[in-house]
Amino acid sequence: MHIDLVTIFPELVHPHLEASLLGKAIQNGSISVRVHDLREKGRGKHRSVDDAPFGGGAGMVMRPEPIFETVEPLKRAESYTVLLSPRGTLFRHEVAQRLSRLDHLILVCGRYEGVDERVAEHLCDEEVSIGDFVLAGGEIAALVIVEAVTRLLPGVLGNPTSLHSESHAAGALEYPQYTRPAEYRGWSVPDVLLSGDHAEVARWRRERSEELTATRRPDLVQE
Ligand code: ADE
């Protein structure tokens, strides 16, 4: 899979692509990511990428030309272009799975108070939001998507079975996990996990998972 990430703040994005799971996935070729600086297509000597909104109002709006001129040359027949925006489809596990099946994803980060509507209408296939809150821009949202999608790609996780039990994979929250020491500051690990009885462990985990999902995320519980 290849991802092109379009932003006016490449310096915000680069460090996250170099460390940990993402850094390794890029190094071993599971995924490739290129970051494109929108300012290279900015207008005038200040490489301006924004302007005042037609019709008046506060703030600035990102102009369409730098975005079109950056994204269009990247597009191929199999490309899918996403605009990060607080009014987009809510990014959930199912969306991550859907995007992880693509060969080429283009992520366009908005900034300022908005992006000229012609970008969403004529350049992008979908708008995606990472939650019901407003960020200063789409960069962190784009990185959230890159990381969540990369974890789902074959060969990225050391132990891919962890994909099955983790929160949201099965439409439920994950059960609590413990490691050594078996007792810490007087807090003990549940006995069943030390029992060696795999069936009992599986039952305990299933029950805790159902309990957690029902109390914290009743919206995920199917009737
Ligand atoms: N840009 C600003 N807020 C955002 C959000 N919640 N999701 C995606 N992109 C955004």
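Reader: What do buried, exposed and partly exposed mean here?

Author: Buried means under 20% relative accessible area, exposed means over 50%, and partly exposed is what falls in between. By that scale H168, with a relative accessible area of 31%, is partly exposed. Bear in mind throughout that this is a predicted model.

Reader: Where does H168 lie, and what is its phi?

Author: H168 is in the loop between helix 7 and strand 9. Its phi is positive, about 80°, although the residue is not a glycine.

Reader: Which loop holds R185, and is R185 buried or exposed?

Author: R185 sits in the loop between strand 9 and strand 10, the latter being residues 187-188. It has a relative accessibility of 65%, so it counts as exposed. R185 also has a positive phi, of about 50°, and it is not a glycine.

Reader: What is the peptide bond from R180 to P181, cis or trans?

Author: The bond from R180 to P181 is cis, and its omega is near 0°. P181 belongs to the loop between helix 7 (162-165) and strand 9 (183-184).

Reader: Let us turn to the whole chain. How many helices and strands are there in the protein?

Author: The protein has 8 helices and 10 strands. Its radius of gyration is 22 Å, whereas the globule rule gives 17 Å for 223 residues; the value is well over the rule, so the protein is more spread out than a compact globule. Along the principal axes, the C-alpha atoms fill a box of roughly 70 × 40 × 35 Å.

Reader: Which domains does the domain assignment give, and how far apart are their C-alpha centres?

Author: The assignment gives domain 1 as residues 2-150 and domain 2 as residues 168-222. The C-alpha centres of domain 1 and domain 2 are 37 Å apart.

Reader: How should I read burial and contacts over the whole protein?

Author: Take burial as a share of residues: of the 223 in the protein, 40% count as buried. Contacts can be sorted by separation in sequence. Among those between residues at least 6 apart, 75% join residues at least 24 apart.

Reader: Now single residues. Why does V71 count as buried, and what does V71 touch?

Author: The cut-off for buried is under 20% relative accessible area. V71 has a relative accessible area of 0%, so it is buried. Its place is in helix 3, residues 64-71. Leaving out residues up to four places away in sequence, V71 touches V6, T81, I106, V108 and L123. A pair can also be described by C-alpha separation: V71 and I130 are 59 residues apart along the chain, and their C-alpha atoms are separated by 22 Å.

Reader: Where is F91, and which residues does F91 touch?

Author: F91 lies in the loop between strand 5 (79-90) and helix 4 (93-100). With a relative accessible area of 14%, F91 is buried. Not counting residues up to four places away in sequence, it touches A96, L99, V128, S129, I130, V144, I145 and A148. From F91 to G131 the C-alpha distance is 7.1 Å, at a sequence separation of 40 residues.

Reader: What are the surroundings of T213 and G23?

Author: T213 is in helix 8, residues 198-216, and is buried at a relative accessible area of 4%. Its contacts, neighbours within four places in sequence aside, are G171, A172, L173, P218, L220 and V221. G23 lies in helix 2, residues 20-27, and counts as buried at 7% relative accessibility. With the neighbours within four places left aside, G23 is in contact with L17 and E18.

Reader: Is D191 buried or exposed, and where is D191 found?

Author: D191 counts as exposed, at 63% relative accessibility. It is found in the loop between strand 10 and helix 8.

How values were computed:
Residues are numbered from 1 along each chain as its sequence is written. This is a predicted model: local features need pLDDT of at least 70, side-chain atom pairs count only at pLDDT 80 or more; totals for chains, interfaces and linings use all residues. Side-chain values use heavy atoms; hydrogens and water are left out. Domain bounds come from an automatic or database domain assignment. Helices (H or I, at least four residues) and strands (E, at least two) are DSSP runs, numbered from the N terminus. The radius of gyration is taken over C-alpha atoms; the globule rule is 2.2 Å times the number of residues to the power 0.38. Buried means under 20% relative accessible area, exposed over 50%, partly exposed in between (1.4 Å probe, protein chains only). Contact means heavy atoms within 4.5 Å.
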